[in-house]
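Open the model in your viewer and keep the selection panel at hand. The tour below goes stop by stop.

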Amino acid sequence: MSELRQSPEAHEQIHHVISLKTYMAIYAALLVLLVATVLASELPISRSAHLFVAMTIAVIKAVLIMLFFMHVYYSAPLIWITAVGSIVWVALLIGFLLADNWSRDWLNILGK
Amino acid sequence: MNASASARLDGPPEDYLTAGSTVKSWLLTSDHKRIGVLYLISVTAFFIVGGILAGLMRLELMTPKGDLFASADTYNRMFTMHGVVMIFFFLVPAIPAALGNFLLPLMIGARDLAFPKINLLSWYIYIIGAAMGLYLLAQGGVDTGWTFYTPFSSMYSNTRVVTAALAVFITGFSSILTGLNFLVTVHTMRAPGMTWFRMPLFVWSNYATALVMVLGTPVLAISVVLVGLERFFGFGIFDPKLGGDPILFQHLFWFYSHPAVYIMVLPGFAVISEIIPCFARRPIFGYSFIAFSSVAIAVFGFLVWGHHMFVSGQSMYAGAVFSILSFLVAIPSAIKVFNWTATLYKGSIRFDTPMLYALGFIGLFLVGGLTGLMVASLALDVHVHDTYFIVAHFHYIMVGGTVTAYMGGLHFWWPKISGRMYPELWGKLSALLVFVGFNLTFFPQFILGYLGMPRRYFEYRPEYQVLNVMSTAGATILAVGMLMPMVYFLLSLRGPKNAGPNPWGATGLEWQIESPPTTHNFHAPVVVTCDPYLYSPEEAEREYVHAQHDHAS
Amino acid sequence: MSMPSTITPPDSGRQDLLHHFDDLEQQHLSSSLGMWFFLASEVMFFSGLIASYMLYRFWSPEAFHLASAHMDKWVGLANTGVLLTSSLTMALAVRCTQVGDRKGIVRNLLLTALFAVAFLGVKAYEYRVEINHNLFPGPNFIVPGSPRDPHASPGHAEAGASDHGEGGHGGGASDYERLRQASMVDGQVDEQEFSRNQGHFQLMFVFYFFITGIHAFHMIIGVVLILLFAVLAQMRWFSGYGQTQIEMLGLYWHFVDLVWVFVYPLLYLVE
């Protein structure tokens, strides 16, 4: 890698330069988790367990990508709030939607 | 840059209106004030289109039989297009884009919004979407209702649903970009000393609105895209024969469209929070309560959408939960109304035109809000759903609330935007006509709905005629009241720009600079040291000048 | 006030300051926040789709499982790996802007674009296979094993598509037959339920094509921007090293990757 110039002014606007090693480590972790997801799908467990496992691993991967590739770990708290907030909002939509459908037949009244 | 840089001896400094008078300088501007004016012109045009559609509907409804239009089909297209045009091309952008774009940077002491070019892009996207809406209208419109319920819209309607879906989809991006701009601006562009709790409440409410725009609009986008896909490709997403669920569409649609009504009303709150303290000559009562309630409304507004679906087939448990949450979401709105009223108490009230509109707002929004509580109650809504009761309820909020606040805001900030004053007598007259006309139009509709007249019908039982005629008469008065300001605002532009920087004696950074402002807003970097709503304004101005001197020295 | 932004020494690594900002810190934070809010809106866009998907999967788990078996999970695995790698090279490109390595910026951006194009190519290949098996939803859709299926014969394994679905569950029952079995109520086939299950089998493909299609659309936009930025970085068009601009593009690209991280198990690994 040539041209590794870093002037004083440029330095002041950079908060944190993540090392190459860190990036590679996260990348390796992501690949391992990816293989784990696929292998887990071959396990003889129940349907809901499959979904749970797959989503858990997906969430871990997502957290790693957000924290390190997207630099959230080194960012201002406001960025954290925005990132977490969007996930909360997704959960809201999915949660209420599924709750409606799940509770549809509870009253044994036709159409309710 | 210090204050002496503005000492020019060759005439008054160029303001934003005269800095560059070519069409290109307007169409390629990145000045938030010019973009605000561009929006003002565009939304007014669409307001007139929507208003004409409403007028035609009211004309038809004067008689119990369907005699004005050839068929019920035409009437269906009328009310659908009235809804689509008014909501997507007028109400959603009106106060945030026309007034908010202009005022937000001024109120926080910034030179522009965070992303001026994206601001302009947002206007162009709006124009493209709205033009597509006009094209749609010319092609006969759609007849699905502005709510596009499936499976009618996705499978059976013979109108251009895909075009409508596309128009709404495109316009949604304009909303998202404006919201994004506002959010970032409020977070990062406040002048030194302008802490969150020194910001005018106008900024707080527009911030809350922006939150809703960014989080809600994309879900509308996906819901109309799915309808478009189903029509275009024949996918059965909402087709019961293929196992699809029409109620899924309603969930996705209302997930946006309920928060959308808060997009429409929160900026109205924003304007009222500025007008009331100024014309009561008192600081606002309960500043932090109003600020927090704005954000609370934005957040809780996302939890109540199922109250539009009580009779759709959604589960009773979900219905009950949505009903309770809808009651809770009324609390922050009520807090605001209490606080505005408390601001009036022992105030020195001046009944200028903006104040007339603001007082009208409080009364009309109160009625709209209380009837909202009535329909939030599941048991009652079963009876009045899809009747004129609902129509009256939301018009009290949208017109009695938002449009009234919008007119009040236009009158209040007209001197700042144009540098001219409007004629006060005509202003008061128009406010009166709007108030009387509005009530005459929509109050009878509460009664009609309660008596059982369904909405979206162009024929009705003869016993409903008297109330319908009253409603149409009111609509005529309302129309006159709304058209008058357009005339006298335009006429005022003929006069010289002599309104002065602060004709109302208001506090706020926007009143400390000339009318109209220069392109770069402030002549010296702004430093804020005092709280907002410091009535007396003379004290506020002294503070402002003092702070500038301290900073410059 | 800070130094006027018109005076920026060439190759100092310092980015230009736009006139409406007070300092670079504010400018950078604004850009970052703006991109994050935009990504939040994109998240909500995809969430509508995911929510709809979840609903139908909740109703017909068997139909979704059978449909998912037609997507080759190993091809998907390789493709996901390719996308993750493109995410790495993008992160490295951003890092290069921070340390002032101009050649590295261009190299990493081009690599990112290369991996992305590879991903899209494999996706196109997958689409072709599925379309050739009458699995594109619409009037030409055929449930494998149904009376309309030209390839239908007991125990026939689909050529080209996954060999996982039929073989792994004992016998050579086709999807049609399995759906029929799943619609049994008290030993009798409930026709309405069967029709709904078939419908949901097709719906799964609607979601598959639409979700991956929209994702691919976002990727195409991303690739165009990446190539554009690579050219601009090479031309030294950006002030400084384009730290802010390329970081924002990076955020967008990682978001595209994030969506796929969830989409892959939801579409390919439905058991």
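Start with polar contacts between chain C and chain A: seven residue pairs are in polar contact, both residues at pLDDT 80 or more. The model is a predicted one.

Next, colour the elements on the side of chain C that touches chain A. Those giving two or more residues are helix H1 (24–59), helix H2 (61–68), helix H3 (73–99), helix H4 (102–132) and helix H8 (243–268) of chain C. Which helix gives the most to this side? H1(C) does, with 22 residues.

Now show the whole interface. On chain C, 68 residues are in contact with 58 residues of chain A. The area buried between the two chains is about 5,500 Å². Carbon and sulfur atoms give 71% of that area.

Stay here for the charges. How many salt bridges are there between chain C and chain A? The count is two. Select Lys73(C) and Glu42(A) to see a salt bridge. Their closest N and O atoms are 3.0 Å apart.

Move to chain B for the last stop. Select Ile48(B), Ile52(B), Leu56(B), Leu59(B), Met62(B), Leu68(B) and Val469(B). Together they make a nonpolar surface patch of about 540 Å². Helix H2 (residues 32–60) of chain B supplies the largest share, four residues.

Finish by zooming in on Ile48(B), which lies in helix H2 of chain B. Why can Ile48(B) be called partly exposed? Its relative accessible area is 36%, and partly exposed covers the range between under 20% for buried and over 50% for exposed.

Definitions and conventions: Residues are numbered from 1 along each chain as its sequence is written. Chains are lettered from A and ligands numbered from 1 in the order in which they are written. This is a predicted model: local features need pLDDT of at least 70, side-chain atom pairs count only at pLDDT 80 or more; totals for chains, interfaces and linings use all residues. Side-chain values use heavy atoms; hydrogens and water are left out. Patches are made of residues with over 30% relative accessible area and no salt bridge: like charges are joined within 9 Å, nonpolar side chains (Val, Leu, Ile, Met, Phe, Trp, Tyr) within 5 Å. Accessible areas come from the Shrake-Rupley method with a 1.4 Å probe; for residues, only the protein chains shown count as cover. A salt bridge is a side-chain nitrogen of Lys or Arg within 4 Å of a carboxyl oxygen of Asp or Glu. Buried means under 20% relative accessible area, exposed over 50%, partly exposed in between (1.4 Å probe, protein chains only). Contact means heavy atoms within 4.5 Å. Buried area is the accessible area (1.4 Å probe) that two parts lose on being put together, summed over both. A polar contact is a pair of N or O atoms within 3.5 Å; within protein, one must be able to donate a hydrogen and the other to accept it, and residues adjacent in sequence count only if both atoms are side-chain atoms.
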